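Here is a short briefing for a first look at this structure. Keep the sequence and the 3D view side by side as you read.

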Amino acid sequence: MLEINGLSAWYGMHKALDGVSLHVAKGEVVSVLGANGAGKSTLLRSISGLMQVSQDAGIVLNGQPLSGLKDFERVEAGIALVPEGRGVFGELTVRENLFMGAYPKRARPQERNNLERVLQLFPKLRERLSQAVRTMSGGEQQMVAIGRALMSAPDVLLLDEPSLGLSPLMVSELFKALEQVRKADVTILLVEQNARRSLQLSDRGYLLEQGRIVGTNSAAALLNDEAVRKAYLGG
């Protein structure tokens, strides 16, 4: 479904990604693990069209090359990013935020069906449709952000640090919700500081160090790898 080959990206003179290659199959959840500054968020931003990348980089979704497409064109092609920090519209209601996600042409014919799907995945949002998002908890706002992305009817959902800043209780609630998203056969590429929880949710994982992929395996194998445990899972 999503194929990345030889992807490099820079911030000025600093090379943040160096020849990254990975793939995500339809229906998979794939995690990218790495320390702060490894290039994880840059990877998601590059796939989304928010970064300038090397001309020879290959980014292909469902056989369609995305290189050269602008960010909004990639949304139309089937990419949806939930950025670090959520990026919700605080003064708007939950309903208004969700329908902002239905703006792409690919999503408009099914926006009512997509809304019902989101509300089934996140039942709390059904009760809060008329509530201003700024008055909600961080975990609830994250549900709005994920729901808004799902309203675009994406083929691949990119999640950047969804649990950042949440209490342990809200982290547990968030991952329960993500498990429901997974069961709905949504394809996910996940960057998450809580490496253990992300691998428990995932089928496979990649290890990213200083902008390079240094390892990959099934999520179960990575969870049981001693070196991975010491580096990313707290021993």
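The model is predicted. Four strands make up an open sheet, in the order E2-E1-E4-E5.

- Strand E2 (14–24) and strand E5 (64–65) stand at the edges. Each has a single partner strand, so one side of each has no neighbour in the sheet.
- Strand E1 (residues 2–11) and strand E4 (residues 58–61) run antiparallel and are joined by four bridges.
- Within this pair, Asn5 stands opposite Gly58 in E4.
- In general, strands of a sheet pair through backbone hydrogen bonds.

**The helix on the sheet**
- Helix H1 (residues 40–48) packs on the sheet.
- Helix H1 touches E1, E2 and E4.
- The direction of helix H1 makes about 110° with that of E1.

- Where does Ala153 lie? Look in the loop between helix H6 (138–150) and strand E7 (156–160).
- Asp185 sits in the loop between helix H7 (168–183) and strand E8 (187–191).
- Asp185 has a relative accessible area of 46%, which means it counts as partly exposed.

Definitions and conventions: Residues numbered from 1 in each chain as written. Predicted model: local features only at pLDDT ≥ 70, side-chain atom pairs only at ≥ 80, totals over all residues. Heavy atoms only, no water. Helix = DSSP H or I, 4+ residues; strand = E, 2+ residues; numbered from the N terminus. Buried < 20%, exposed > 50% of the residue type's maximum accessible area, 1.4 Å probe, protein only. Pairing = 2+ DSSP bridges. Contact = heavy atoms within 4.5 Å. Axes fitted to C-alpha atoms, helices over the stretch in contact; angles between N-to-C directions.
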